[in-house]
Amino acid sequence: MLAILKLIQSMVKTLHSDGSPAQIAFGLALGMALGLTPLFTLTNVLVLALLFLLNVSFGSALLGWALAVPVGFALDPLFDRIGHWLLIGTPGLTPFWTRLANTPVVPLTDFNNTVALGSLVTWLVLFIPSVVLFRWAVVRYRETIGQKVMGSRLYQAVAGSKLYNYYRLFRPE
């Protein structure tokens, strides 16, 4: 229960941050890569490097990661089928996979794992549409209910409480 409350708090904080909708959207989309794909791969090291190098919302990336992990686990059978089709079911790609397997460092991406390959390809296909969708959703939220949320009694009570003020005093910005 506490984890869900922290996730909602993080989501509201991210949506009300000074970050632009594009920064939040790209952060969410990059965070999805961390949640959809197996964690310990070179691919995720590259995604983390992008998060540090690009001007995106790191908080929204963590949020995207947290939201995508359960989705990734639920979709593992689909990712397995996609990866299996790409690795084994398409003989024309065999020379390509053989070249990649013999290239230094590339095997660290774990592309020969059907779930890892299927989830990576799915994320790559969904990356641009998810950025567009997330950006639209952030803009709509801020234009419509964002001000209502900040003006709600619950939000004001939490924001005005001494506990919240102590939290704000000691939290890193």
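Modeller: A crossing is right-handed if the near helix is turned clockwise from the far one by less than a right angle, left-handed if anticlockwise. This is a predicted model: local features need pLDDT of at least 70, side-chain atom pairs count only at pLDDT 80 or more, and totals for chains, interfaces and linings use all residues. Residues are numbered from 1 along each chain as its sequence is written, and side-chain values use heavy atoms, without hydrogens and water.

Colleague: Which hand has the crossing of H2 and H4?

Modeller: The crossing of H2 and H4 is right-handed. Helices here are DSSP runs (H or I, at least four residues), numbered from the N terminus.

Colleague: At what angle do H2 and H4 pack?

Modeller: Axes are lines fitted to C-alpha atoms over the stretch in contact, and angles run from 0 to 180 degrees between N-to-C directions. H2 (residues 21-36) and H4 (residues 58-74) pack at about 40 degrees, with axes 6 Å apart. That makes H2 oblique to H4 (under 35 degrees is roughly parallel, over 145 roughly antiparallel, 65 to 115 roughly perpendicular, the rest oblique).

Colleague: Which residues does Leu-36 touch?

Modeller: Contact means heavy atoms within 4.5 Å. Leu-36 touches Ala-68, Val-71, Gly-72, Phe-79, Ser-119 and Trp-123, not counting residues up to four places away in sequence.

Colleague: How many residues has the largest nonpolar core?

Modeller: A nonpolar core is a set of buried (under 20% relative accessible area, 1.4 Å probe, protein chains only) Ala, Val, Leu, Ile, Met, Phe, Trp, Tyr and Cys residues, joined through side-chain atoms within 4.5 Å. The largest has 16 residues; Leu-30, Leu-36, Leu-51, Trp-123 and Phe-127 have the most contacts inside it. H2 gives the most, with seven residues.

Terms used:
Helices (H or I, at least four residues) and strands (E, at least two) are DSSP runs, numbered from the N terminus. Buried means under 20% relative accessible area, exposed over 50%, partly exposed in between (1.4 Å probe, protein chains only).
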